[in-house]
Amino acid sequence: MPVEVLPAEDCRYDLVSLGEVMLRLDPGEGRVRTARSFRAWEGGGEYNVARGLRRCFGMRTALVSAFADNEVGRLLEDLILTGGVDASLVKWLPYDGIGRTVRNGLNFTERGFGVRGAVGVSDRGHTAAGQLRPEDVDWEHLFGTLGVRWFHTGGIYAALSDTTPDVIEAAMAAARRHGTIISYDLNYRPSLWKAIGGKARAQEVNRRLARYVDVMIGNEEDFTASLGFEVPGTAEDLSDLAAENFEKMIGQVVQEYDNFKVVATTLRTVRSATVNDWGAVAWSRDGFAHATHRPGLEILDRVGGGDSFASGLIFGLLTTGDLGRAVEYGAAHGALAMTTPGDTSMATRAEVEALMAGAGARVQR
Ligand SMILES: O=C(O)C(=O)C[C@H](O)[C@H](O)CO
């Protein structure tokens, strides 16, 4: 059993995520620069995990975040509630009328096709989520009275503003006091860190927060850029070598962070905007577990594939306690999530389990 989780009957929530949710504006098959209409979705690295656990796996999840109280914020709330995630812990900040001091984040994202890569343009300065303060949330009430089995956050929220690392630390300290498992997806985003001190700041913040983490998720780039580990001979492609590099790096990582109980990563090689080689590997003190390698995986929309990997992994750890099953749940859920549009998954648990069992894509009727 890699992680010991609190009993479900003692907790209101199976998982609570802390992070920003943006309105994703999606030009469909076209391009942002020539779009005349956009489809609206919600998305956010940390939130997507709560959404996947709720919608695909039927777990009880909630979001801690903040929105500016205007029509865009209420649209985000509507999308979140449609996804089944409890939004009662969201803080609403009064809107100033024009967004000078507080606003909601927008994320224009096109999917790419073939040789044309996906493009994301986020518009998220001065957002409400970035202005959350540690004292804005009653962490003791959440973790101590309501009860939470699993807390998830990550490096996107940590990079959002000067104050979000302190919010995360307050949440993690309370989660730890009450026996809640803590996961963190490093999700290194140079464009976000650039605004607040670059890689040096990223490493200072992530190293501090990593001390609280039980389940660390990140790829080689995340571990090098966010935590400062050196990985010799980083491989470009998904091959035994890439998994081997991860395995080599783990030695250093868990020597420095002996609090990590599980470390997991997807292994992906981008062949084109619409084709990835796809796999995953996870470590616990009992050894390594590898997910089924899926070369040439076809993709409709790659955004959020890593988050769906995380939610499948967490579901597997929560329900089976078996690292091998958990990494298979993660890889299968991530693969299915990338076959549909939007940042979040539209897969069902039955589809995930059928894929894990080797099912093909024949029509079902
Ligand atoms: O949260 C962000 O920064 C996003 O870009 C939204 C996406 O849903 C997320 O990154 C996917 O991992």
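Predicted model: local features only at pLDDT ≥ 70, side-chain atom pairs only at ≥ 80, totals over all residues.
The volume of the largest cavity is about 30 Å³, a volume being the space filled by probe spheres set on grid points that are joined across faces, edges and corners. Its lining (residues with an atom within 4 Å of a point) consists of Glu20, Val21, Ala66, Phe67, Leu76, Arg103, Asn104, Gly105, Thr127, Ala128 and Ala129. By class, six of these residues are nonpolar, three polar and two charged. In this scheme Ala, Val, Leu, Ile, Met, Phe, Trp, Tyr, Cys and Pro count as nonpolar, Asp, Glu, Lys and Arg as charged, and the others, Gly among them, as polar.

Residues are numbered from 1 along each chain as its sequence is written. Local features need a pLDDT of at least 70 and side-chain atom pairs count only at pLDDT 80 or more, whereas totals for chains, interfaces and linings use all residues; side-chain values use heavy atoms, with hydrogens and water left out.

The largest pocket has a volume of about 1,500 Å³, a pocket being an open set of points with protein on both sides within 12 Å along at least five of seven lines. It is lined by 50 residues, and Asn187, Tyr188, Arg189, Asn219 and Arg268 lie nearest its centre. Elements contributing two or more residues to this lining include helix H1 (45-55), helix H8 (220-227) and helix H10 (305-319); helices (H or I, at least four residues) and strands (E, at least two) are DSSP runs numbered from the N terminus. Strand E12 (262-272) is also among these elements, and E12 provides the largest share, seven residues. The lining comprises 18 nonpolar, 20 polar and 12 charged residues.

The second largest pocket has a volume of about 480 Å³. Of its 18 lining residues, Leu336, Glu351, Leu355, Gly360 and Ala361 are the closest to the centre. Strand E15 (294-298), helix H11 (323-337) and helix H12 (349-356) each supply at least two lining residues, with the largest share, four residues, coming from H12. By class, this lining divides into 10 nonpolar, four polar and four charged residues.

The ligand is surrounded by 13 residues, of which Asn48, Arg124, Arg189, Asp307 and Asp343 are the closest; a residue counts here if one of its heavy atoms lies within 4 Å of the ligand. Polar contacts are pairs of N or O atoms within 3.5 Å. An oxygen atom of the ligand lies 2.7 Å from a side-chain N or O atom of Asp307, and a polar side-chain atom of Asn48 is 2.9 Å from a ligand oxygen. For Gly45, a backbone N or O atom is 3.0 Å from an oxygen atom of the ligand. Taken alone, the ligand exposes 320 Å², of which the protein buries 92% (Shrake-Rupley method, 1.4 Å probe).

The chain averages a pLDDT of 95, and 97% of the residues score at least 70; pLDDT is the predictor's confidence in each residue, from 0 to 100. The complex receives an ipTM of 0.96 and a pTM of 0.97 from the predictor.

Definitions and conventions. 1 Å grid on protein atoms, 1.4 Å probe; cavity = no way out; pocket = protein on both sides within 12 Å on 5 of 7 lines; lining within 4 Å. Polar contact = N/O pair within 3.5 Å; in protein donor to acceptor, adjacent residues only side chain to side chain.
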